[in-house]
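Visitor: I am new to reading protein models, and I would like to learn how to look at the places where ligands sit. Could you show me the structure and walk me through it?

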Amino acid sequence: MATETGGALRIVLGDQLSRDVAALRDLDPAHDTVLMMEVADEATYVPHHPKKIAFILSAMRHFAEALRGEGIRVDYVRLDDPDNTGSFTGEVVRAAARNDVSRLVVTEPGEWRVLQAMRDWGEETGRDLDIREDDRFLCSHAEFAAWAKDRKALRMEHFYRLMRRSTGYLMEGDTPVAGQWNFDQENRKRLPDDLSVPSRTVFPPDEITRGVIDLVADRFPHHFGDLEPFGFAVTRADALIALDAFVVDCLPRFGDYQDAMARQEPFLFHAVLSPYINAGLLDPREVCDAAVAAYEHGAAPINAVEGFVRQIIGWREYVRGIYWLKMPGYAKTNALGAHRSLPDFYWTGDTDMACMAAAIADTRRNAYAHHIQRLMVTGNFALLAAVSPEQIEAWYLAVYADAYEWVELPNTHGMAIFADGGLLASKPYAASGAYINRMSDYCRGCRYDVKSRHGETACPFNYLYWNFVATHQDTLRSNRRMVMVYRSLDRMDSQVVMQMQADADAFLTRIASANNWQRSYIVAANSLKSNN
Ligand code: FAD
Ligand code: DLZ
Ligand code: SF4
């Protein structure tokens, strides 16, 4: 296809900010050009949190500076360039025309919709196109497909053991260190009232970040989320400082309080490293190496380190494997027939449910909520309220600084709302208020009574939960992991069950009638999504 003799145009996307990413590997500074593009489509196909946009654009600008510092030519398109077409494809076409290049070299993206567009870039530009596998992950597509082939159930725990063996992390020969694969049983402690939680390292904005913050404030004033204060690391050097701080200050108690939630503590002992790992500032291997080294030096216990390593080499690799194995059909399933609109309070935080209000307020402030908030509060509510998969997924993709579809979709569609019918989770992660009460201090200050199942002041999670269990019995009763739940339902007074179902109906009708502005927001976002 190519007729020119120029070098390669090496394209780096906003979540590919690793010096050794596949597209940069054999770069020839004398002939090649690196293309980086700030484009409006990527900020608006869902209305991303302003802090996320600022994080990505600032990290991109710092990465470009670092490449230039090595003497590499970088063609960098800014969001406010008057000729910016607003899309990846438009910018690739323009860049191919203005640079002397005979081929395009790219690393596969993290989203199906971008891969679809990328596949046309060769034809659009008249250049050869080389799409390289993203080998920053520990498990290749082929390895995951080989593992999945002929298996009835694709359970994470089985995949995780394969990964432990292939990486050698926490292994003594073929045996897991300390005699167990998984220490999850030890990782469900409630928070004692007097526990002190370490403060977090914040990285004050430099001049580049300040410029980006002003740009984002100007261009995306209506997006959900606080732009400031901004304290994310935007360089690899600072992300490494954040990693060190996590290992020293938080990792030792990461396991114990992994499932806990607290009103005043949005981060607890979590790593808050996912934005950096997913954008490429940190490599998943070096993150695991640091945790394992802490264990080997006696600085962190096995339940913490095993739990942490499992999240990275287990869950993170597993959800990515599922995404690429099952897309594009995966996003379209709706196993429980969920159909309701996302309640407005996901965008406003205006709800009397203290747990939901806290998780949404944390999200608005930090573009972050930890896993249990995402899964057992906002995710659990969406599951019980039968929110349509498309709408809740657009929300998760928009609001978190670490969200890209390869990781957001399986976590939401599969883990949180069971829309894949159990491909990823062996049973729905549905829970009543009792779970939230056990694992948090939210209920203490809530206007609802977590001990009541029905009536005006009853906790909505209670009647929504039993309504969910009763509504889906045809589908879920045969699930072996649901036997105890259905035994409890069967023992309940049928009048009480009917009352809870009536309360659930009334509650869901009330929140649906309160919805107004959010619907048009998401419809607009989705129409942009389907145009891509
Ligand atoms: P920690 O709890 O400290 O865990 C350490 C690391 O393990 C994380 O940095 C992350 O790299 C990895 N990890 C942990 N759990 C998962 C998981 N389930 N899937 C993939 N990686 C994991 N994670 C994202 O990175 N992006 C998303 O868009 C995203 N969306 C989610 C949506 C829902 C509904 C749910 C339930 C979970 C989602 N997760 C997502 C997974 C998880 O909640 C986040 O990875 C985690 O909260 C990130 O914070 P942390 O760095 O403090 O993680
Ligand atoms: C999320 C995001 C945003 C907000 N902006 C950009 C951008 O301007 N330029 C860019 O290269 N990447 C951006 N990203 C990340 C992309 O959405 C991400 O690379 C794709 O979704 C593929 O994972
Ligand atoms: Fe959430 Fe119910 Fe507890 Fe209120 S009582 S915080 S709604 S679980």
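Guide: Gladly! We start with a sorting rule: Ala, Val, Leu, Ile, Met, Phe, Trp, Tyr, Cys and Pro count as nonpolar, Asp, Glu, Lys and Arg as charged, and the others, Gly among them, as polar. Keep in mind that this is a predicted model.

Visitor: Then which ligand sits in the largest cavity?

Guide: That one is ligand 2. Helix 1 (40–44), helix 2 (50–69) and helix 4 (112–118) each give two or more residues to the shell around ligand 2. Helix 2 has the largest share, with 3 residues.

Visitor: Which residues are closest to ligand 2?

Guide: Of the 18 residues that surround ligand 2, the closest are Gly14, Asp15, Met37, Val39 and Glu42. By class, this shell has 10 nonpolar, 3 polar and 5 charged residues.

Visitor: How do I read a polar contact between a ligand and the protein?

Guide: Look for a pair of N or O atoms within 3.5 Å. A backbone N or O atom of Gly14 lies 2.9 Å from an oxygen atom of ligand 2. For Asp15, a polar side-chain atom is 2.6 Å from an oxygen atom of ligand 2. With Met37, a polar backbone atom lies 2.7 Å from a nitrogen atom of the ligand. On its own, ligand 2 has 490 Å² of accessible area, and the protein covers 99% of that.

Visitor: Let me try ligand 1. Which residues come nearest to it?

Guide: His270, Ala271, Val272, Asn278 and Tyr368 come nearest, out of 29 residues around ligand 1. Sorted by class, the shell has 17 nonpolar, 8 polar and 4 charged residues.

Visitor: Where are the polar contacts of ligand 1, on side chains or on the backbone?

Guide: You can find both kinds. A polar side-chain atom of Tyr368 is 2.6 Å from an oxygen atom of ligand 1, and one of Asn278 is 2.8 Å from an oxygen atom of the ligand. From the backbone, a polar atom of Leu273 lies 3.0 Å from a ligand oxygen. The protein covers 99% of the 810 Å² of accessible area that ligand 1 has on its own.

Visitor: Which parts of the chain build the shell around ligand 1?

Guide: Domain 2 (141–326) and domain 3 (330–531) each contribute at least three residues. Among the helices, helix 10 (274–279), helix 12 (302–326), helix 15 (371–384) and helix 17 (405–416) each supply at least two.

Key:
Residues are numbered from 1 along each chain as its sequence is written. Chains are lettered from A and ligands numbered from 1 in the order in which they are written. This is a predicted model: local features need pLDDT of at least 70, side-chain atom pairs count only at pLDDT 80 or more; totals for chains, interfaces and linings use all residues. Side-chain values use heavy atoms; hydrogens and water are left out. A residue is near a molecule or strand if one of its heavy atoms lies within 4 Å of it. A polar contact is a pair of N or O atoms within 3.5 Å; within protein, one must be able to donate a hydrogen and the other to accept it, and residues adjacent in sequence count only if both atoms are side-chain atoms. Accessible areas come from the Shrake-Rupley method with a 1.4 Å probe; for residues, only the protein chains shown count as cover. Helices (H or I, at least four residues) and strands (E, at least two) are DSSP runs, numbered from the N terminus. Domain bounds come from an automatic or database domain assignment. On a 1 Å grid over the protein atoms alone, a cavity is a set of points where a 1.4 Å probe fits but cannot get out, and a pocket is an open set with protein on both sides within 12 Å along at least five of seven lines; lining residues have an atom within 4 Å of a point. A molecule sits in a cavity or pocket if more than half of its atoms lie within 2 Å of its grid points.
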